[in-house]
Amino acid sequence: MKGTYLGELEELILLTVASLDTEAYAVSVKTELEKNARRKINISAIHSVLYRLEDKGFLKSSFGGATQKRGGKMKRYFRATNAGLAALKEARSVREQIWKTIPKLATAHR
Amino acid sequence: MDNQPPRFGRWLLRCIYDDDHLDEVSGDLEEIYYDRLQSHGRWIASISYIKDVILSIRNLHLFRINPAMIQNLVTIAFRSLKKRLSYSILNIAGLATSIAFAFLLWLYVQDQTSYDKHFPLADRIYRVNLETDMGGKQDIYANVPQPLSLALKATYPQIEEAPRIALADRTGTFEYHEKELKTTKLIFADPAVLKLFQREFIEGNVSNALSVPGSVVIGSSFAMDLFGTNDVLGKVVHFVDFDKDLKVTGVIADDPRRSHIPIEIIIAWDTFKELESDQWYGAHTYAYVLLNEENDIAALEQQMPAFFDRFLKKTFDEFGGKGRVFFQRITDIHLSEELVWEPTPHGSKTNVLALSMVALLLIGFAVINYVNLATAQAASRATEVSIRKTMGSSKQLLWAQFISESLLLAITAGGLSLLLAWAMLPYFNSLTAMDLHAPQFFTVFHLRSILLLATGIGLLAGIFPAFYLSSSPAVDVLKGRFVVSSGGEILRKGLVTTQYFIVALLISGILLVYNQVNFIKTRDLGFNKQNLISIKVSTDSVVNNHIDVYMNEIKASSKILSASLAQMHLEAESNSFSPRLQNEDGSIFQMGSDLMFVDADFLTTIGAQVVAGRNFDRRILNESDRSVLINEAAARKFGWEKNPLGGKFAGFTPEDHHAPRNVIGVVKDFHVGVSYQMVHPIIIFLSGGGETNLLVRTDGSETKETLAMMETAWQKHFPDYKMEYSFVDMDLEALYNREDNFLSLLTCFCVVIMLIASLGIIGLISYTTESRKREIAIRKVLGSSFQNIIAILTKKFMALLIIANVLAVPATWWLVRLWLDNFAYRAELSPTAFAVPFGICILFTGLSIAYHTTRAALANPVEALKCE
């Protein structure tokens, strides 16, 4: 199972990378996550997850876009691979299936 | 540029990440840094930057240093520890002992500071205390008049609950199907008590457990002992002391966590509604309040003078007293000063502080020892360091090597310390009256703290030697010109002096504390506490009505010298009032004083002396209505030193139309309760029934037989009651439990500190002699005498020792005075207490120097010189 399994934070970050399309690098992922998921995550944790996802083959990376603000240092841009997208879809469908099996959820919340 | 990220952070980042990732990661961090710089300012941005860098350590797999390198470091560290095996063992033993003892102390401090903190609403719960000034006699009571709780709750809406709690001696006997069981943790309380002091209910329901009169809630293990089961809802149990049947409405789980008012059984307040008092004086009831969410205690406390004037002033005016109502957070109670009528004895903040200091010192000593020994080895490690440098080792790597050595050592010691602490747990428990067992001891939290502590010590102890050892100039050393730098020497001297200083301080400190404890225990109390037996006389019972018959019967025995009935206990302070007193000239004044009701044989029985006038005489008609005795303290305070027998007691209130009673005698001051407090002024009345205590003076021979005789007589007179007795000297001894505990803890831990300090000093002495072997050899060859050599080696240590001991005198003096402030009577600070540690230090240092030096001095000089 290792390789295809996505942890919760991994899934969130992979999703964010996919949604950011060509603009995904560690800092933008962090900002986006803080905005959408309303949780603060330390940058080192994001680095750690991004590199792990790359090792698993869910992300690929390329260099580019040095700016003055970064002291002229390069960014590592990430993009989701096909395998990554597939893993996301897989995770989603698993969840949806389980959601369906919860009885009376709709009435309980009304 | 000025507002770049902190240099330290950037440097650390360069150390951590490999080149593949350094650029992008530092770029990302910088970007965030500049964002924060704009939004939060430089300070926050820098701190967060460093935090980000440090958290980056989680990306271990991208580290610059690869795992093989770390493995190599560990291997090297092992080898070097093995090479200097004796030093390593010395170090590990010292460190493990320090950590183990520091850890145990930490557990004790935790226990002492944990009181009442576990109650969910603890930060909003306060106890109401009452400070009174009865004509100059000031007291602070932990309990208050009974109507106060209800009045508070009715007057101030911010008080959510104000349950009353009464203790009634805290003991109670319960009977179920012929089986009797006694508890010492009994309270009578309003239902709201369960909201403040929340407990887990095994059976029954929190909301209605105490709402019906006659209900009782009992602790789970008490229920198990009495009923054999916890399934006891609705069962009826007989409350022996008040002869009442109670219905069990709840079973609460035992809670081992600490509280200043431990509770095992709660009886519904309304059960004894007829005993309720509407007096605004006395009536020992504890009042607790739960404030609303706003929790504004300061605002409430401001209202208290007005509250006092409205409710209590009238009563206090009658007694000529003043008072002040104030609040105390329940979590503060245990370590604060003990008030009058505290439910349980308190801990002591000073003692907890002193023991925390001892724990810190233990750790400090371990670190000092390590630094000392490690830097002392500089010379022998210089060659190794130089060769590494020549082979291309970076300074960072050398640091890593030395730090990994100290880490390895510290972590090994940490593991050992845990076993050591575990092995000592039973002794520790008996020393501190704590009840810790392996399951509470080996928790993840504790394991983690020990690991963290060990790592911290390892780092702390490793940093200086790492810096010092790695800085030796490689070329010079390899050429054979190594000079031990003076910096290390000065540091070592400083550290050794500190150790001597602290050892001296501790030894004198212990001696002085021991002196004081001994002093208060053996002080002349003004009465004879030996061979004095106190028998409980329960009130409102057959015993109370016929106790005089019993007393007269046992008095017939030749073993019993005298016996007396009293309404007081020698180990507890008496009640105080502000009586009206009449001078010789007929003028009347009020002044605070303790009252004591005793029979005519009391003074003879306890062995107190009458210094002026006479004792009560039962043959005189109406003696109890006409006469009182006072003690010397009262004579002084009332201003009657010149002619105490001219004074009169004129009653408690102006409405008291009883004719004034003459002072017929003055009793030499005797201590009631602890011996280190000032003797209170006391007025002694001749009692006429209602006594609670039978005091019996035996001749001290065949105590066992005498007791058996008393017991038999008791059974004959009161077959339904048990004779509950105690020895007065033992009751008094128990008052000093806190001081005893403190002394034994202090002694035990200081012995450990001294052991560790001596390990360090022995290590250093042996090392110094070792490193001067050649010097000694050369001196010998050149004709120096044995005494000469000893003198040269001893000089250095003796100088440090003397400096340290001299410095320790004022420091000890100051610290011990702080502690002694708790006592009104103090032992003299004796010079012996300062001379003893000096002697011990000299003896100890002298012996170890003599041993090592003799070895060096007796060795054949050729052995030492031939290796060059």
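This is a predicted model: local features need pLDDT of at least 70, side-chain atom pairs count only at pLDDT 80 or more; totals for chains, interfaces and linings use all residues.

Q: What are the spans of the two chains along their principal axes?
A: The C-alpha trace of chain B spans about 110 × 70 × 55 Å. For chain A, the C-alpha atoms fill a box of roughly 55 × 30 × 20 Å.

Q: What share of each chain counts as buried?
A: To be called buried, a residue needs 20 or more other C-beta atoms within 10 Å of its own. In chain B, 39% of the 868 residues are buried. In chain A, 27% of the 110 residues are.

Q: Why is α1(A) called roughly perpendicular to α3(A)?
A: Start with the angle: the axes of α1 (residues 8-20) and α3 of chain A cross at roughly 80° and come within 10 Å. The label covers angles from 65 to 115 degrees. The crossing angle falls in that range, so α1(A) is roughly perpendicular to α3(A).

Q: Which residues meet where α1(A) and α3(A) touch?
A: From α1(A) come Leu9(A), Glu10(A), Ile13(A) and Leu14(A). Their partners in α3(A) are Ile46(A), Val49(A), Leu50(A) and Leu53(A). Sort the residues of this contact by type and you get seven nonpolar, no polar and one charged.

Q: How many residues are in contact between the two chains?
A: 15 residues of chain A are in contact with 17 residues of chain B. On the chain A side, the elements giving two or more residues are α2 (26-36), α3 (43-56) and β2 (75-80). The largest share, five residues, comes from α3(A). By type, the chain A side splits into five nonpolar, five polar and five charged residues.

Q: How do you know whether His177(B) is buried or exposed?
A: Count its neighbours: His177(B) has 10 C-beta neighbours inside 10 Å. Exposed means 12 or fewer, so His177(B) counts as exposed. You'll find His177(B) in the loop between β5 (172-176) and β6 (179-183) of chain B. Its phi is near 45°, a positive value in a residue other than glycine.

Q: What about Glu178(B): buried or exposed?
A: Glu178(B) has 5 other C-beta atoms within 10 Å. The cut-off for exposed is 12 or fewer, so Glu178(B) is exposed. Glu178(B) sits in the loop between β5 and β6 of chain B. It isn't a glycine, yet its phi is positive, about 75°.

Q: Why does Leu858(B) count as exposed?
A: Try the count again: Leu858(B) has 10 other C-beta atoms within 10 Å. With the limit at 12 or fewer, Leu858(B) is exposed. This leucine is in helix α27 (residues 832-858) of chain B.

Q: What makes a group of residues a nonpolar core, and how many residues does the largest one have?
A: Its members must be buried, of nonpolar types such as Leu, Ala and Ile, and joined through C-beta atoms within 7 Å. The largest nonpolar core has 93 residues, and Leu362(B), Ala504(B) and Ile753(B) have the most contacts inside it. Helix α11 (residues 349-376) of chain B gives the most to this core, 15 residues. Leaving aside residues up to four places away in sequence, Leu362(B) touches Ser98(B), Phe101(B), Ala102(B), Val752(B), Ile753(B) and Ile756(B). There's also a second, separate core of 52 residues, which includes Val144(B), Leu194(B), Tyr286(B) and Tyr288(B).

Technical notes: Residues are numbered from 1 along each chain as its sequence is written. Chains are lettered from A and ligands numbered from 1 in the order in which they are written. Two residues are in contact if their C-beta atoms, placed from the backbone, lie within 7 Å. Helices (H or I, at least four residues) and strands (E, at least two) are DSSP runs, numbered from the N terminus. Ala, Val, Leu, Ile, Met, Phe, Trp, Tyr, Cys and Pro count as nonpolar, Asp, Glu, Lys and Arg as charged, and the others, Gly among them, as polar. Axes are lines fitted to C-alpha atoms, for helices over the stretch in contact, and angles run from 0 to 180 degrees between N-to-C directions. Angles under 35 degrees count as roughly parallel, over 145 as roughly antiparallel, 65 to 115 as roughly perpendicular and the rest as oblique.
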